[in-house]
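Please look at how two neighbouring parts of one protein chain meet. The report below follows that meeting step by step.

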Amino acid sequence: MRTYGRLSRHSSSAVDTAPSRTRLSAADRWRLDADPNVVMRVKRIFPRVASERDRALYIGDTPEVAFELLWLTKRWPLEMAASAAAYLEARASEYVEARDSVDRVLAGERLTGDGWLEPARAPRDYQVLAADAVLSVGRLLVVDELGLGKTFTGLLVLRSPAALPAVVVCPTHLQRQWMRELALSFPMLRGHIVTRTAPYDPAEVYARELGGRNPDVLVVPYSKIAGWGHHLAGAARTVIFDEIQELRRPQTQKYIGSAMVADAADYRMGLTATPVYNYGGEIHSIFSILDKDALGTREEFIAEWGRNDNGRVYVSNPRALGAHMRQERLMIRRTRADVRRELPEVLRIPHTVAADEHVIDQQTAGTTLALAELILSGGGTREERFVASGDLDAQLRRATGLAKAPYVADFVRLLIESDEKVVLFGWHRDVYDVWRERLADLAPIFYTGSESQARKEAAREAFISDPERRLLVMSLRSGAGLDGLQEVSKVAVFGELDWSPAQHDQCIGRLHRDGQDGNVLAYFLTCNHGSDPVVMETLGIKRGQAEPIRDPDAALFEQAAPDARDRIRRLAEHVRDRHRDRGKTVTITVGRRDEVVPR
Amino acid sequence: MPSVEQQPAAPTALTLAREHLDDLAAMCGQIDAIRVAMPAGSDDALWLAAIVDGGAPDVVEHIEQQITALGGDVDVGAWWRHYCAGYQQMTLMRQRTAIREPAWKRDPVEWMAEHQLQMPAPGPAPGSALDQLLTPGGILDELDICRHDIRGRAADRLGIADRYRRAPTPQEIIDVIRAGRFLWSNEAELQAALAEVLTGAGYPVEREVRLGDRDRIDLLVGRVGIEVKVAGWWRDVERQLNRYRESDGLDALILVTARAQHLRIAAGTRDGAPTLYVHQLQRSGL
């Protein structure tokens, strides 16, 4: 039989096996030496192949690649050593078996066996399905919509005795929630939250609480996982990463620690509603924690899916990447509609408010120009430019927030006058101060970075139970997972913008969750000065990266909801009429009609 | 003074239309399209005007027959023809059709014959009710309803969309673009989405239209050009737009951009050149 070249296994000592930014994948690569016409075709079929100066093509050895190479050898028969051919076959069957077993689960087969635990509360089908998919194939990224009970979904993996002991890595504010849910779902399992950054033996240090036994589930916050990586590697059979987007930066210590634990575990699960916070390349970082092979090495991923622009990896076709990840059963996503737990939709209402340009000029006089010039000139060290970027961002965003603050406060007053309880999101303390002063008569409640945990809890309580306290000011990045606000409010106002659309979604999710019976209204108050136009530009790009990966069917255009288009105008009319009824005359100015977009 | 008893007014096209709205709509086969397009609470008669204004002769004929059958004696076709006459036929026909030609200043009779369009006869005196409805700045405009949308849909239903869609103004185009969120990961995707949205609004959209030897504009709606950008230094973009503005084929030019930096490009009019509008897609990420 005619052959078209030679396929061989190639181990390179230069390839680093430890988790690092550049090399996450197995040390082994396939090497292909072939006729030029075949090389040309192969490059098209495998966009990730690397062409090196020895004129051979190289590609990382993963089960999926083996499966495709096997197909390639049928199209163009290649010479192969017997051992390489056997290995290729075995590796390809690994792929087929994994795919088939997860397909059976997705088709409705439920896993069970001797010694499996029965959860103390009934799970929903879709929750068991995701857990079983993890148990059948070893890893899965679950990107279910907010509020579908991801914690319980994760815990269901622990039904299998082979999955214990387990480690849950989560943000600090969710540690207790995991313990609570564990106690509710599997009261027979013991959990423990690690209390120190350096590893210790929980059975010994917490002998009284744990009865001298090691915990079945160890909850480790991301802030402590770096120190625990070595200790837990090999000890944990399952590792669950909650809000896995925390691991979007591969160069961090917490990433390396997490990778150590994950690499040695049998079952790896990632949970998040917002896998991509900024740019599409983050999906490679987080997925490589769960399966270092599936998307190839970072270089292969970039060659196949994206482009690198100053360290930011953009995905050229995020929709295709999302479809690929679903098809390969790497990722699963269910929306509320999919599981028939719909809530009334969120109406997003961008509204342009005035801003005092003088405030921006005043606040940024002198220093910002110097910072901007340093960044643009490329002068100074890399670190200096990095620090300058941070400073410039902070100064300009703060100045923009301040310039809008009085107008934002007036707008919020308008909402509150029409009988609404409002959650106002911001970021800078100085901006909070302006709001506090201008809205003093409304006695706003604060839930920001400045309040202690106890005061935050009191703030939540006051907002929920006191009908007179109608304004809660929250930090854009505090209170993730906070529950209860949805019972009293359906109005979120963004007085300042975050850099990530995912963060806005998290904020809206504090009102748009189970228990909310109306449409959540999310007002984005923006201006045409300072940092807002640039932040909005970035938000558009990031949304274009994140959403199609998560939802390959995401619409290219979402039309404003016609019934809500005039909401701001109607709101103004309502307030004016009320004032007229009371015999007062007020002048209310509302900007041009703004659009509303359903989510 | 002797009192004069008021005679009941003779039925007009509009009063009849109001009374027999459903019949008319069914007759024209448009009721669904029109109802969807009309904002709640608008005057029902407006949709009739919109159909008439849609300019499709067969629609006009239907309405005319229907009104005659109902006992009215008003020649709707004449109203429509009057409308055309009153608006300088050439300009109007040019705007409401997708037919564009370099030599606009040709003999209207000849040009219309070539495109199988009928030259309108002079209609009744101005100042009629229908005239009020259809005059720019008239009731339709005051109510700010999406005329182009209704016309587009009506024409779509009749399968004559390409010939009878009216070209929108730049501001109308921008309003359509502002009314929602776009999702794109590259320029081609954004262009495709914009083309889809504008087509959906009933506009005749052409893509990749050549303006000169080296220039090709992304989208063209009537004589309004739309250039789409997701990247690029503003100076380079400005230079490119200035070249486009020298083209004879445009009345106005809209830059639809994802970049805040492009807001530095000087928009507005510049002697004789097409007016430039710069619109940043600020809401797409919110």
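## Polar contacts and salt bridges

In this predicted model, three residue pairs, both members at pLDDT 80 or more, are in polar contact between domain 1 and domain 2 of chain A, a polar contact being a pair of N or O atoms within 3.5 Å, of which, within protein, one must be able to donate a hydrogen and the other to accept it, while residues adjacent in sequence count only if both atoms are side-chain atoms. Between these two domains there are also two salt bridges, each defined by a side-chain nitrogen of Lys or Arg within 4 Å of a carboxyl oxygen of Asp or Glu. A:Arg48 and A:Glu304 form a salt bridge, with their closest N and O atoms 2.6 Å apart.

## The domain 1 side

On the side of domain 1 of chain A that touches domain 2 of chain A, at least two residues each come from strand 4 (57-60), helix 2 (63-75) and helix 3 (82-106), where helices (H or I, at least four residues) and strands (E, at least two) are DSSP runs numbered from the N terminus. Helix 3 of chain A gives the most to this side, namely three residues.

## Extent of the interface

Contact, meaning heavy atoms within 4.5 Å, links 18 residues of domain 1 of chain A with 21 residues of domain 2 of chain A. The centres of these two domains, taken over C-alpha atoms, are 29 Å apart.

## Basis of the values

Residues are numbered from 1 along each chain as its sequence is written, and chains are lettered from A and ligands numbered from 1 in the order in which they are written. Local features need pLDDT of at least 70, side-chain atom pairs count only at pLDDT 80 or more, and totals for chains, interfaces and linings use all residues, while side-chain values use heavy atoms, with hydrogens and water left out.

Note on methods. Domain bounds come from an automatic or database domain assignment.
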